Structure formats: C-alpha cells, structure tokens
Amino acid sequence: MRIDQSIPRIKVSDQEFMQLEHAINFDDIRTLARKRLPRIAFDFIDGGVDGEAGLARNRVAFDRYKLLPRYLVDVENRRQTVNLFGHDYASPFGISPMGIAGFFRPGADLMLARAAARFDIPYIMSSASCDSIEAAMALAPKTTWFQIYGTRDPHITLDLVRRAKALGVRVLLMTIDTPVMGKRERNVRNGFRRPMKMTPSVILQGLSRPGWTWRYLTQGGIPMMENWRPYAVEGASANAIADLYGEQTPAPAQTWSILEQVRKAWDGPLVVKGVMHPADALKCLELGANGVMVSNHGGRQLDSAPGSIDMLPAIADAVGGRMEILVDSGFRRGSDVAKALCLGAKAAFLGRPAMFGVAAAGETGACKVIDIMRQEIGLLMGQLGWINLDRAGPDSLLDLLDLRMGRN
C-alpha cells in the first residue's frame, strides 16, 4: 500500500514518540492516553452511559463469531482496497466522527484528517468538531467525509449541508441516534458539563498532567467549535458557541422529515448513522439514503442496546445489497473488521482508538493507530486465505450461536 508522504506531519515530543514506538495494540495506545490526560478528559473518551454494560457488550458480541481459515492459497500479494460510494480507499476501515477532539489535543481534528489522508482511508469529521470542515477539506479533500445532526433550528442543519456541498465533500452522514442525551455517569461524577467549573478535584487532575494542562491553558482553554461559529453572534466566545451547540442539540422533536429535507438538499452519497433496526434501514432506503452505518454510538447512548455487530446480519438481510452498509462501535482488532465484512459490511469505523492515539501523540499517534489496524488486517487476510476483500463472506465465518442451536 502506498502511504502519502507528501502530507506534512506535525512533530511530537521525543518522549511521546519513544513511548509510542513501544505500542503494539490499541490497549497500549489507550494506556498512553490515560497517562497523558487528566481523568476528566480520559473518562469523556473512555466512558459510556449508565452502568456501561453497552461498552462490554460491544466487545463480547464479536466472540459469537469465529473466522474459518482456508489454506494452500497463494496469499503473497494481498490487497485490502475497498470501494465506497464509487471511490477506492486503501483499507476497509476509517475514523468515526468524534466531537470536541480539540479539548484533548489542540488541532486534533486536523491531525486525524491528515493521518487518514496519509493512509488513504475515510475520516468522518463531526459537525461538533473544534476545527472546521473548511479547514479539513483544505488539507484532505479526498478522504474527509462530514457528519451532521438534526438541530432544533433545521436551517442550521441545512446550512451545514450547503457548506459541505460547496466544499465538494464526497460523503455526508446524518446521525439519528441522539434524540436525547444519554446519562454519561463518568462525566457527571467528574463535573464535565456546561458551564465547566474549576473545582478542587479538576484542578488537582490538571496538576497531575502538566503537559496537557500547559497546552490547554496556552491555547486559550475551552476550544472553539469552529463549525458552529457562523451561527453565533459576531465575536462570540468559545463558551458562548458551546452553549449554542448545547441549545440546538439534541433535537428531540425531529422526525423522518428532516432526513427527507437533507436528501433534497444533498445530491451526493448520503449515509444515515445510528441505525440499529432493520425497519429503520428500510425507511432510510425508501427516503433515498445510499447507505447506513449500523452503530449504537459506541455505547454512549442506550446502555441496553445490542452490540452493533449483533444487528449487522439482520440489517444486511433487510436491505439485500440495495445500499452500502458501514458499521462502528467496539472495533479494536483486525479480526473484528474481518467479521464485520463477512456479515455484510463494506467497511468498519474506529472511534476511541483514534482519539486515544491523537491524545497520546498527536498526528503521529493517529498514524500509529491506523497502521496497527492496517497491519492486523493484512496479516489476517494471509491467515484466512484472502487475496482481496471479495473473499470475505459466510464461507469464512462460523456463527457459534447457530452452531449451538443446530442451525446450518
């Protein structure tokens, strides 16, 4: 695979680089991020909702499936290229949308965009990012996609669509799984809420992570949500814009009509993110969506929801190849991605590992995360007898539940 070396890389400290060199999997990356971030920031990334059963379920769900290898196949030359919405990408995974990345490291959104472009995989910028979609498209126009929410004022949603269209964004995603905000108990305990107060506990956390705190203070504190600056009064502060975002999202009164409006305003590939029910997938198809992303929001919305991988087969059966299926939530290994491909997904997307990577070591950390997954998928293809991703399918998968119940 050709890695684009023409994209400039932002340097990290020698200490961060040396620590990163010893990381061999995503657990190691998470540990590095935990050492760098104060608890209030680490828990925001790492946490789920309520009792966090959903986080565990996302991982356990993969254990239902085992991969079946085929041997004596020439696998010397393997290609993990995937075509998504008419464009080829170097690997069957990408980076999920994640809000306020700049809180964890200034400029994190653009670091993720550059890292994805370097490895030629999709990066989905969140409309709740700190850097703007305009800046991301200026740096990585071929690999940057854009994600939006429905807002209480639909004119804001449609203006975000307009901006994405004017910039030439390839793929637009609309997230539908946040009609109300889940109870994120770690955030409540840590005081991560608006307005944020500098309690003694938060101050002590900051003192224990001086590198992060120094960057936070010297970069102006709460980062600006640049995508939302056009919808605030001129000269609004970062805090005021964050408050505006909180007033506009979630939008509990929204219905399928907002998806219809977005579809009319957007003439490119449209993906609906957060679909967990086959009937909702069919409704998206009926309204003209080109794809769905099966997702339980990384276990950050409904704690009792099934794992995304649990619902993937039923949704794939329902749409019957009439739209492209993406998936996220809980992906940590190349084998997780392979299982998703066998179950009908075209690509899987990573959230927390990428955020931990950029928090731990900036753009270099994000590149490390992508490279770990890319290498794991390459090795796995060799072990399974896949020379390309066309080989992914039911023949390579053993469903343990079906086996226990005697189904073929």
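Is Ala366 buried or exposed? With a relative accessibility of 2%, Ala366 counts as buried, where buried means under 20% relative accessible area, exposed over 50% and partly exposed in between (1.4 Å probe, protein chains only).

Two remarks on conventions apply throughout. The model is predicted, so that local features need pLDDT of at least 70 and side-chain atom pairs count only at pLDDT 80 or more, while totals for chains, interfaces and linings use all residues. Residues are numbered from 1 along each chain as its sequence is written, and side-chain values use heavy atoms, with hydrogens and water left out.

**Helix H16 and its partners**

Ala366 belongs to helix H16, which spans residues 352-384; helices are DSSP runs (H or I, at least four residues) numbered from the N terminus.

Next, select residues 108-119, helix H5. The axes of H5 and H16 come within 10 Å and cross at roughly 20°, axes being lines fitted to C-alpha atoms, for helices over the stretch in contact, with angles from 0 to 180 degrees between N-to-C directions. H5 is therefore roughly parallel to H16; angles under 35 degrees count as roughly parallel, over 145 as roughly antiparallel, 65 to 115 as roughly perpendicular and the rest as oblique. The crossing of H5 and H16 is right-handed, that is, the near helix is turned clockwise from the far one by less than a right angle.

H15 packs on H16 at an angle of about 60°, with the axes 8 Å apart. H15 is thus oblique to H16, and this crossing is right-handed.

**Covered helices**

Gly344, which follows H15, has a positive phi near 120°.

Move to residues 39-46, helix H3, which is mostly covered, with seven of its eight residues buried. The buried residues include Phe42, Asp43, Phe44 and Asp46.

**A surface patch**

Finally, select Ile203, Leu204 and Leu207, which form a nonpolar patch on the surface with about 320 Å² of accessible area together. Accessible areas come from the Shrake-Rupley method with a 1.4 Å probe. Ile203 lies in helix H9, residues 200-208, and is partly exposed at a relative accessible area of 41%. Patch residues have over 30% relative accessible area and no salt bridge; like charges are joined within 9 Å, nonpolar side chains (Val, Leu, Ile, Met, Phe, Trp, Tyr) within 5 Å. A salt bridge is a side-chain nitrogen of Lys or Arg within 4 Å of a carboxyl oxygen of Asp or Glu.

Key:
Helix = DSSP H or I, 4+ residues; strand = E, 2+ residues; numbered from the N terminus.
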